Amino acid sequence: MDVVAWFFFWLGIALLGLGVLLLARSWAERRFGGAVALPLAAGLLLVGTAVQQFILFGLRFGRHRALESPAFLTVSVITAVLATLVWIALGTRRGRQSLRRGAERPQRIRELEVLGAIARLSSQPGSIAQVGGAVLSAAAPAVGVEAAVLLLYDADHRILTAKAASGIAEEAWRSFRIEASDAFNQQLLSRGGPFIVKDVQRERRLKMQLAHSIGARSALVVPIRHEGKPVGTLTFYAVSAPRRFDAVSVAVAELIANEAGDVLERARLQEEVVEERERAAQVLAHVGDGVILVDEDGIVRLWNPAVADITGLDAREVLGRRPEDVLPGWAAIAPLVPVTSAPAYAAKHAETLPLDVAGRELWISISAVEFPNGTVYALRDLTEERGIEKLKSEFVATVSHELRTPLAAVYGAAMTLRRRDVELDDERRARLLAVIASESDRLARIIEQVLAASRLDSGTFALSVERCDAGRLALEVVEAARINLPDGIAVGLAAGDGLPPVAADPDMLRQVLANLVENAVKYSPLGGAVHVSLEPQEGRVLFAVRDEGLGIPLREQERIFEKFFRLDPNLARGVGGTGLGLYISRELVRRMGGRIWVASREGEGSTFFFELPVAGAEEEPSEERGVDQPARRATATGT
């Protein structure tokens with residue numbers, strides 16, 4: 001046996017083993033630049049030397065005597081001794097620990113990378129589902145599994161619900177939820193550690209429905225907690241083959257779960273903040289009051305839809321600008337707005353102020369609450385309410401005036417009749433009694449108008465609809481009006497023969513005609529003709545009352561049928577009235593199934609039209625109708 005040849009052979013084996021070990025370590029650490037150069041160079045040198053030894057082994061068998069030179073043998077022996085010492089060193093406890101640390105270092109670095117990636121998720125916006133999905137995508141490869149699922153725990157209902165998954169079809173996990181009220185699950189969630197399921201098919205303590213549905217073979221369940229409270233579980237599934245989760249995998253999974261608990265809690269808080277903001281935005285979008293947020297620099301940051309409706313300015317035109325730049329009247333009212341730090345106080349001490357918006361005067365109730373980041377203004381449009389209050393005030397003043405005049409006449413006539421020191425002949429006594437009767441009738445009409453308007457508003461006004469002779473009723477109204485006509489006024493009537501009967505309440509129809517004729521006379525202070533005409537239409541009868549008086553400005557024609565509205569509220573042209581006559585006429589016509597409108601030009605007079613349905617042959621002689629009961633076969637409404 002050639003001892004030298006075999007010496008070369010075993011030396012080559014030792015050197016080859018060391019070289020492969022160093023090359024393997026350099027390959028494992030190839031991603032960490034500084035740590036790979038020396039092991040790679042030493043490994044390649046040792047492998048090259050090992051190859052040389054194998055060549056020498058072959059040459060020795062070829063009987064090359066040069067290999068027996070003392071120098072060459074000395075170098076080979078030294079090399080063999082060093083290789084033996086290295087192998088002995090690796091075999092010691094410290095050597096084995098060094099090899100283990102070297103093998104585990106890439107794994108540890110991978111763990112740190114995964115934990116770092118999960119930690120970075122806490123600073124990124126996203127829902128729990130998005131953050132959970134990112135956690136699982138990073139965690140599953142680190143644990144060495146093909147699939148994973150995040151289940152969040154609902155403590156109130158004791159239910160685990162799937163929120164995110166990796167490596168599992170969405171339809172398999174999206175609606176997955178499972179009860180966790182049993183003692184084992186409660187202990188696992190609150191105090192337990194990682195739980196390994198070696199064989200999914202044989203597991204009985206945990207409910208593994210999802211694992212069965214995806215064909216998992218083994219599983220690792222890791223509870224997630226935050227500040228000692230259960231958050232949920234991370235469950236890792238080995239699908240392709242059963243897996244024995246070693247201590248390293250379990251430790252990695254536990255570290256991931258610990259980090260995920262903090263990340264998911266932050267995501268939950270962010271989600272709650274987003275939801276709260278969305279709810280607040282919805283409330284502000286649907287609240288009836290206008291809300292304006294002006295920051296500490298005086299810039300508008302919030303302009304809700306109610307403010308847009310009140311001012312006619314869209315949020316896109318206002319946001320990022322100063323209020324006074326978009327609302328010219330803001331600078332005038334801003335110093336008058338009560339500003340407080342207590343919302344309850346602000347609501348009770350709101351000021352009603354005029355605000356000029358695009359040439360319109362709005363009356364708004366406004367208050368403000370100041371806080372460190374700016375001021376919130378709350379406002380409500382009171383323009384319509386103020387208008388109604390103004391009309392009511394004018395109505396009270398007008399009615400007082402209207403009542404005072406006839407009352408003064410009645411009182412004066414009565415006191416004159418009572419005097420003993422004045423002898424009155426029959427003619428003067430008759431005139432005074434006529435004044436009392438006429439003015440009393442005027443008082444009764446005023447009171448009747450007020451009561452009629454009240455009954456119409458309260459829904460207690462009842463109509464008795466029957467077949468009426470419209471021509472006869474119109475003639476009665478015209479003849480009554482001619483009795484007390486002012487000088488210069490003439491009232492005429494044109495009613496064609498063969499007018500069909502109308503379906504109406506005769507008393508109410510008479511009142512409508514009387515109101516319109518009286519209105520035409522009243523607004524003809526310079527005299528002129530008042531003409532009443534009736535004309536049959538298709539299924540209806542058209543009434544018209546035309547005068548040659550003051551006329552109605554175009555901008556007022558839509559308002560003249562409103563309650564309390566008068567064209568001459570200040571009696572500048574000497575035209576009085578309660579402002580109820582046309583309102584009552586409109587409501588009565590509408591409730592008798594007709595409609596009413598006006599055509600007028602200022603300074604040329606007005607014509608009021610209304611139409612009522614023709615009474616059908618099949619209609620009953622009489623019908624009681626409440627204020628809210630529509631007329632039979634009515635097809636038009638009041639204007």
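How many helices and strands make up the secondary structure of the protein chain? In this predicted model, the protein chain comprises 19 helices and 20 strands.

**Figure 1. Overall view of the protein chain, 639 residues in length.** Buried positions account for 41% of the residues. The accessible surface amounts to about 35,000 Å², and carbon and sulfur atoms contribute 56% of that area. Among contacts in the protein chain with a separation of 6 or more, 61% join residues 24 or more positions apart.

**Figure 2. Close-up of helix 9, residues 247–286.** This helix contains 40 residues and spans 57 Å from its first C-alpha to its last. That span is close to the 58 Å expected at 1.5 Å a residue. The buried residues of helix 9 include Val 250, Val 252, Ile 256, Val 263 and Leu 264.

**Figure 3. Close-up of the crossing between helix 18 (residues 506–522) and helix 19 (residues 581–591).** The two axes come within 9 Å and cross at roughly 145°; the crossing is left-handed. Helix 18 makes the contact through Met 508, Gln 511, Val 512, Asn 515, Leu 516 and Asn 519. From helix 19, the contact involves Gly 581, Leu 582, Ile 584, Ser 585, Leu 588 and Val 589.

Definitions and conventions
Residues are numbered from 1 along each chain as its sequence is written. This is a predicted model: local features need pLDDT of at least 70, side-chain atom pairs count only at pLDDT 80 or more; totals for chains, interfaces and linings use all residues. Side-chain values use heavy atoms; hydrogens and water are left out. Helices (H or I, at least four residues) and strands (E, at least two) are DSSP runs, numbered from the N terminus. The expected span of a helix is 1.5 Å times one less than its number of residues. Buried means under 20% relative accessible area, exposed over 50%, partly exposed in between (1.4 Å probe, protein chains only). Contact means heavy atoms within 4.5 Å. Accessible areas come from the Shrake-Rupley method with a 1.4 Å probe; for residues, only the protein chains shown count as cover. Axes are lines fitted to C-alpha atoms, for helices over the stretch in contact, and angles run from 0 to 180 degrees between N-to-C directions. A crossing is left-handed if the near helix is turned anticlockwise from the far one by less than a right angle, and right-handed if clockwise.
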